[in-house]
Amino acid sequence: MSSSTGLVSGSFRDPSGFLFRQGGILYRQVNLAYREHYEALMGSGLYEGLAGAGLLVPHEETDVEGPRPQDSLVVIRPEPVPFVSYPYEWCFSQLKSAALATLEIQRRALSFGMSLKDASAYNIQFVRGKPVMIDTLSFEKYEEGRPWIAYSQFCRHFLAPLMLMSCRDIRLGQLMRVHIDGIPLDLTASVLPFRTRFRFPALIHIHLHARSEKRYADRQVDMERLRRISLHSFMGLVDNLQSAVRKLKWRPAGTEWAEYYDDTNYSDAAFGHKKRIVADFLERLRPENVWDIGSNTGIFSRMAALPGVPTVSLDVDPACVERNYLECAKDGSVDVLPLLVDLFNPSPAIGWELNERLSILERGPADTVLALALLHHLLISNNLPLGRISGFFSRMCKSLIIEFVPKGDSQVQRMLASREDVFADYDRDNFEKEFGLRFEILDRVDIESSDRALYLMRKR
Amino acid sequence: MQKASIRPADGKDSPVSTVLFPFHFLGYIGAGTGSLIIQVVIAALVGGTFALKLYWKRIKAFLKRGEEGEQ
């Protein structure tokens, strides 16, 4: 989100520069104060190396005048990121990839005589399936002997959530949403299982690190008495962190990926027909971008993304998002961005003035939303009236492909088996009436060998 | 030598947090004294292992070249 002056609201901490929008284009002003470091980045070959390897967002220098020209060295135009996502929306492997990308960038920077001055997970975005550093101003000239300023931030933003997710509970990744500058290490140390004290990376980077932070929190220390960190030891630290992150794994407890997802409500024929209808609707819409909400393992997201359409694939289940991400990486579905989002409690706006990180709605609207096999979950699991659902969807998209699942459906009956049926108005007529208030219903196709139907709608 | 101030974990500047360090090394994000101290210790520890790892890689590469040469 941008202010009236065009300044991007989340870009205010670093005195080296800031982001702003002008004429709908995102620019970054590089301040004069950053000259030495910017020139080193551009002149040393590091920028070319990182941008060429897809690790740093490429940019062009422009003649545009920034909002604070008196401070400006140059205004650059970074390549746009199709969809901005946040670490609390990433699955385990996405966060792990982002951590490894950050460390690889730091390793390369050191070999060019530079270092990362911050290691925020928010500096990484996924572009065409790969983690990319988007903050061009995160580099500074390395001074031999100097420690890594961003070490603590790296541990809080990456190592802590990854270890909590891997060693304790995958859901603890959501602590990143509460702690915007990373999960405090003392909290991480207290939540991690006792056995992690006997694992070298967790012992040193989390447990002893947390203890040291507490011990020296408010003490005077003569840092001169400390040894300098040689470049070699610095490289060793980065190498150790790389190896620690690589070893972290997560799999849904007691399951194999192949058997985790088993939506058996469709016969092969019905599922094939559903795919053909969705493909036909998408062909008719030719959307600029798609959000597949309640995407499960992303079968339909991949279908939507096939012609090169940027597709955000949202699901509440960490295992589904993980599998979706790994499968997209494997089959090269680079236009799909799987994200962990709970529609009952979607990503809110957070941070200073509630403007630093945007809510999921502020990052829209999507051109087209796919809401397949989702309606009954919203209605029954969350007691949402049809009008509230259509209202939410109308804020989210311009066109909608939605599946109607009738009350007689076996999955709906399973959901109703253990609760009172208070959904008297849940039928096709009411669905069409409520959605028809906000959307124009363009088409409806019944799915063969099923009681379900697919609708194509356009926002009024 | 530059006199610098390290902000404690709570982010507030206080007289006791004023320290001396041979570099102007404090970033805009606040590195944390305890974190810097443990980092020096960890870097010293892992630096040695890293050296061994590099030498081992070189030995392996040398042996591999030797084998390829024989073939």
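This report walks through a few strands of chain A and a surface patch on chain B in a predicted model.

Let's start with the open sheet in chain A. Seven strands make it up, in the order 11-10-9-12-13-15-14, with mixed pairing. Strand 11 (336-340) and strand 14 (439-446) sit at the edges with a single partner strand each, so one side of each has no neighbour in the sheet. Going from one strand to the next, the twist averages 20°. Helix 16 (residues 428-438) of chain A packs on this sheet and touches strand 13 (397-404), strand 14 and strand 15 (453-459); its direction makes about 145° with that of strand 14. Within the sheet, A:Asp292 stands opposite A:Ser313 in strand 10.

Now for strand 2 (residues 25-31) of chain A, which is mostly covered: 5 of its 7 residues are buried. Strand 2 pairs with strand 1 and also with strand 4. The hairpin of strands 1 and 2 has 2 residues between the strands, and A:Gly23 there takes a positive phi near 60°.

| Strand pair | Bridges | Sense |
|---|---|---|
| Strand 9 (residues 290-293) and strand 10 (residues 311-315) | 4 bridges | parallel |
| Strand 1 (residues 17-22) and strand 2 | 6 bridges | antiparallel |
| Strand 2 and strand 4 (residues 72-78) | 4 bridges | antiparallel |

Over on chain B, B:Tyr55, B:Trp56, B:Ile59, B:Phe62 and B:Leu63 form a nonpolar surface patch, with about 600 Å² of accessible area together. B:Phe62 lies in helix 1 (residues 33-70) of chain B. With a relative accessible area of 57%, B:Phe62 counts as exposed, since the cut-off for that is over 50%.

Note on methods
Residues are numbered from 1 along each chain as its sequence is written. Chains are lettered from A and ligands numbered from 1 in the order in which they are written. This is a predicted model: local features need pLDDT of at least 70, side-chain atom pairs count only at pLDDT 80 or more; totals for chains, interfaces and linings use all residues. Side-chain values use heavy atoms; hydrogens and water are left out. Two strands pair if DSSP finds at least two bridges between them. Axes are lines fitted to C-alpha atoms, for helices over the stretch in contact, and angles run from 0 to 180 degrees between N-to-C directions. Contact means heavy atoms within 4.5 Å. Patches are made of residues with over 30% relative accessible area and no salt bridge: like charges are joined within 9 Å, nonpolar side chains (Val, Leu, Ile, Met, Phe, Trp, Tyr) within 5 Å. Accessible areas come from the Shrake-Rupley method with a 1.4 Å probe; for residues, only the protein chains shown count as cover. A salt bridge is a side-chain nitrogen of Lys or Arg within 4 Å of a carboxyl oxygen of Asp or Glu. Buried means under 20% relative accessible area, exposed over 50%, partly exposed in between (1.4 Å probe, protein chains only).
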